[in-house]
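Subject: Structure handover and findings

Hello,

Here is the structure for your files. My notes follow directly below it.

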Amino acid sequence: MRIAVVALICAALAPGARAQPEANYPDPVIQSARDRFVAGDHAAALAILRPLAKGGAVRAQNILGAAYQYGTGVTADPAQAIDWFSRAAAQGYPAALHNLGYVHEVGMPGLAPDATAARAWYVRAAALDYGPALG
């Protein structure tokens, strides 16, 4: 289970669609956070990511959403997961749009599955040519 969660967090760290500019944070910082997540040092990774996310870095926001979704390094919190995914989605970040689709598709504690909302999020991600949403 832990390996699957780490794999999902690492997937959240993967670059989004080509159209998304990612100049609002330095890649070495994100890479450092990714390396710490993979090594299991979630507290250090989150300490790096939180200021970036609060500053508007879409990948950091998406990663925090995944951390709260799966309870990796934090207590699982559906409201926080949706909040962070939504912040990145509001900036047009395709991975966050897709993640919101997934959360609505499968549901979370306190959030019933909603196929209509899931489809709407997936369609928005697919419109940005985000590969996982195209299936």
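Asn-99 lies in helix α6. Helices here are DSSP runs of H or I with at least four residues, strands are E runs of at least two, and both are numbered from the N terminus. Asn-99 counts as buried because its relative accessibility is 18%. The cut-offs are under 20% relative accessible area for buried, over 50% for exposed, and partly exposed in between, using a 1.4 Å probe and protein chains only. Asn-99 is in contact with Asn-62 and Phe-85, leaving aside neighbours within four places in sequence. Contact means heavy atoms within 4.5 Å.

Before the rest, the ground rules. This is a predicted model, in which local features need pLDDT of at least 70 and side-chain atom pairs count only at pLDDT 80 or more, while totals for chains, interfaces and linings use all residues. Residues are numbered from 1 along each chain as its sequence is written, and side-chain values use heavy atoms, with hydrogens and water left out.

Overall make-up

The chain has 8 helices and 0 strands. Along the sequence the pattern reads α-α-α-α-α-α-α-α. Of its 135 residues, 46% count as buried. Take the contacts in the chain with a separation of 6 or more: residues 24 or more positions apart account for 55% of them.

The core

The largest nonpolar core has 33 residues. A nonpolar core is a set of buried Ala, Val, Leu, Ile, Met, Phe, Trp, Tyr and Cys residues joined through side-chain atoms within 4.5 Å. Phe-37, Leu-46, Leu-49, Ala-60, Phe-85, Ala-89 and Tyr-93 have the most contacts inside this core. The elements that give it two or more residues are α2 (27-38), α3 (42-54), α4 (58-70), α5 (78-90), α6 (94-106) and α7 (115-127). α4 gives the most, with 7 residues. As for Ala-89, not counting residues up to four places away in sequence, its partners are Ala-96, Leu-97, Leu-100, Trp-121 and Arg-124.

Helix packing

Two packed helices are described by the angle between their axes and the distance between the axes. Axes are lines fitted to C-alpha atoms, for helices over the stretch in contact, and angles run from 0 to 180 degrees between N-to-C directions.

α2 with α3: the axes come within 7 Å and cross at roughly 150°. That angle makes α2 roughly antiparallel to α3. The classes are roughly parallel under 35 degrees, roughly antiparallel over 145, roughly perpendicular from 65 to 115, and oblique for the rest. The crossing of α2 and α3 is left-handed. Left-handed means the near helix is turned anticlockwise from the far one by less than a right angle; clockwise is right-handed. From α2, Val-29, Ile-30, Ser-32, Ala-33, Arg-36 and Phe-37 meet His-42, Ala-44, Ala-45, Leu-46, Ile-48, Leu-49 and Leu-52 of α3. By class, this contact has 10 nonpolar, 2 polar and 1 charged residues. Ala, Val, Leu, Ile, Met, Phe, Trp, Tyr, Cys and Pro count as nonpolar, Asp, Glu, Lys and Arg as charged, and the others, Gly among them, as polar.

α4 with α5: the packing angle is about 160°, with the axes 7 Å apart. α4 is therefore roughly antiparallel to α5. Their crossing is left-handed. On the α4 side are Val-58, Gln-61, Asn-62, Leu-64, Gly-65, Ala-66, Tyr-68 and Gln-69; on the α5 side are Gln-80, Ala-81, Trp-84, Phe-85, Arg-87 and Ala-88. The residues of this contact divide into 8 nonpolar, 5 polar and 1 charged.

α6 with α7: the axes come within 7 Å and cross at roughly 160°. So α6 is roughly antiparallel to α7. α6 passes α7 in a left-handed crossing. Residues meeting here include Leu-97, Leu-100 and Tyr-102 in α6, and Trp-121, Tyr-122 and Arg-124 in α7. The residues of the α6 contact with α7 divide into 9 nonpolar, 3 polar and 2 charged.

Two aspartates

Asp-35 lies in helix α2. Asp-35 counts as partly exposed, because its relative accessibility is 41%. Its C-alpha is 8.0 Å from that of Ala-45, 10 residues apart along the chain.

Asp-129 sits in the loop between α7 and α8 (131-134). Its phi is near 65°, a positive value in a residue other than glycine. With a relative accessible area of 43%, Asp-129 is partly exposed.

Regards
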